[in-house]
Amino acid sequence: MNAPKGLPLWLKVTAVTVSVLLVAGIAFAAYWVIRLQSNISKAPLSAGAPRTEAAANDATDRQQILILGSDTRDGKNSQYGSTQDSTGYGQSDVMMLLDISADNKRVSLTSIPRDLLVDVPKCTDPKTNTVYKAHSNVMINSAMAEAGIGCAVDTVNKLMGMQIDHFMMADFNAVKELSNAVGGVNVCVSDAVYDPDSGLRLPKGTSSVQGEQALAFLRTRHGFGDGSDLGRIQAQQGFLSSLTRKIKSDGTLSNPQSLLSIADAVTKNLTVDEGLASVQSLLTIGSRLKDVDLSKVAFVSVPTQPAAVDPNRLELVEPQATQLFAAMRANLDLTTPGATASPSPAASGTPSSSAVPAPSTPAVPAYDKALQPVTVADGTGVASRGQEIAAALVGGGFTKAAHFLAAAVPKTVVYYGTGYADVAPDVANLLGIPASQVELSKGVVGVQVYIGSDFNSGTKYGVASVPSDVVKQTAGDVKCQAVNPALIAK
């Protein structure tokens, strides 16, 4: 039998070329995986708080990621402070909660001011196992100073009533390298500005900032608005809005080469939780953002006001803050004020319905609503809740409704006295309270709505609603930052 003839030369060349390209491609991919993986630093997600929810799927589930900017002056950041500043964990100079919907159609970034007074839970330092007691009424940016990033996560979970899936913490150098990697970010200011503290110097109008000037724009403590932290938050949101537009218009998230360049710049200055500490996880999160419409990328601010104990600090505005947190837990679209849904106890999962069945309309009562003694006992622990519910009752015709503070209780109940069995169900129906939570009480005169911690937002029991004015801008909005008059350059 004759031996088979050799393969044609062109086929041999093609085979060798393909082999070389495959080997080169595998080597290139391996190089970048190893390089990016070696860049990543990691830390525990929690400082000891128990987690009751299963881990979310990075590719298919709703994702809530706490983004932190550290003010540590360690390593490359030493030029921005003293030796004392470079010790310990540092404080969270920036705090935003990134929320990606399960269907990848909407994203929100909720800013939490560093000056907000909160309760910090008991936290354990993962490095030393030192247990730090809980603190009350302290600035939220101090949460990670003692026990690390996990304590900041636990504090935000406690504040908002959620369980965050991941965190990302970047330092000053990350801002410089990221802004360089994208070729600069356009920012707009109402007047020429010079801040000697941060080094920010910009002419009036739009400028492209990167490197030191990008960092100065984000760091300036007194440059914008009234010179408070709230003005700085607006500038940060404007910067991120512009960055989002640029990345979307450049097709960066769909361009592997650009994405690798940004990933390299970011991961060298990034600390993440153990669940996110892989190149694949980071790329998965990034790829989910590429098709989101700019009008559905919402920048949100937690409602605050000057604190009663110290006007230089901030406290939550109620009931708006509680309503916002309830809307976030219910996974509502924050760009749609007034949208409602039955809140889910879980912080993750598929979006809730935006419509809630209306309670049945009662027949015309055989009594005069305006004459009925109805009171609201406020056991929620949330400022202004009793007043809000009493106002809802007045609006529903029970014009004698009054309210008072009461001992905290977990469950809402409508109590009624002898002779008011017909009034109590109508009061409950008006507020959406189930009939199973209406009870006779001989110690009550008239009807008493005793509201508990299960009814701490909205005027319909079991219904979350998006409050108005929480979205300060979307990624589609182009805004100029109002310069603090004290820092307008002459």
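**Disulfides, salt bridges and strand pairing in a predicted model**

Cys123 and Cys151 are joined in a disulfide, with 2.1 Å between their sulfur atoms, where a disulfide is taken as a pair of cysteine sulfur atoms within 2.5 Å. The structure is a predicted model, in which local features need pLDDT of at least 70 and side-chain atom pairs count only at pLDDT 80 or more, while totals for chains, interfaces and linings use all residues. Residues are numbered from 1 along each chain as its sequence is written, and side-chain values use heavy atoms, with hydrogens and water left out.

The link of Cys123 and Cys151 is right-handed, with 80 degrees about the S-S bond. Because Cys123 lies in strand β6 (residues 123-124) and Cys151 in helix α3 (residues 149-160), the pair ties together parts that are 28 residues apart in sequence; here helices (H or I, at least four residues) and strands (E, at least two) are DSSP runs, numbered from the N terminus. Both Cys123 and Cys151 are buried, a term that stands for under 20% relative accessible area, with exposed meaning over 50% and partly exposed the range in between (1.4 Å probe, protein chains only).

By the sulfur distance rule, the count of disulfides comes to 2, and the other link described here joins Cys188 to Cys480, with an S to S distance of 1.6 Å. Cys188 counts as buried at 11% relative accessibility, while Cys480, at 44%, counts as partly exposed. When bonded cysteines are counted along the chain, the disulfides follow the pattern 1-2, 3-4.

Of the 5 residues of β10, 4 are buried, so the strand is largely enclosed by the rest of the structure. Strand β10 runs antiparallel to strand β13 (residues 205-209), to which 5 bridges join it, and two strands are said to pair if DSSP finds at least two bridges between them. In this arrangement, Val185 stands opposite Val209 in β13.

A further set of strands makes up an open sheet of 8 strands with mixed pairing, in the order β1-β14-β9-β2-β3-β4-β15-β25. The edge strands are β1 (41-43) and β25, each of which pairs on one side only. From one strand to the next, the twist averages 25 degrees, with axes taken as lines fitted to C-alpha atoms, for helices over the stretch in contact, and angles running from 0 to 180 degrees between N-to-C directions. Within this order, strand β4 (residues 107-111) and strand β15 (residues 297-301) pair in the parallel sense over 5 bridges, and Ser108 stands opposite Ala298 in β15.

Salt bridges were also examined. Side chains of opposite charge can pair when their charged atoms come close. With a salt bridge defined as a side-chain nitrogen of Lys or Arg within 4 Å of a carboxyl oxygen of Asp or Glu, the structure holds 13 salt bridges. One of them links Glu177 and Lys268, whose closest N and O atoms are 3.5 Å apart. Glu177 lies in helix α4 (residues 172-181) and Lys268 in the loop between α7 (256-267) and β14 (270-273), so the pair ties together parts that are 91 residues apart in sequence. Glu177 is buried, with a relative accessible area of 19%, whereas Lys268 is partly exposed at 37% relative accessibility.

Another salt bridge is formed by the side chains of Arg385 and Glu388, at 2.4 Å from N to O. Both residues lie in helix α10 (residues 385-395), where they are 3 residues apart, about one turn of the helix. Arg385 counts as buried at 0% relative accessibility, and Glu388 counts as buried at 18%. Elsewhere, salt bridges that share partners join Asp93, Arg114, Asp115, Arg221, Asp229 and Arg232 into one network.

Finally, Pro337 is found in the loop between α9 (320-329) and β18 (340-341), and it is exposed, with a relative accessible area of 53%. Although Pro337 and Ser468 are 131 residues apart along the chain, their C-alpha atoms are separated by 5.1 Å. Leaving aside neighbours within four places in sequence, Pro337 is in contact (heavy atoms within 4.5 Å) with Val466, Pro467 and Ser468.
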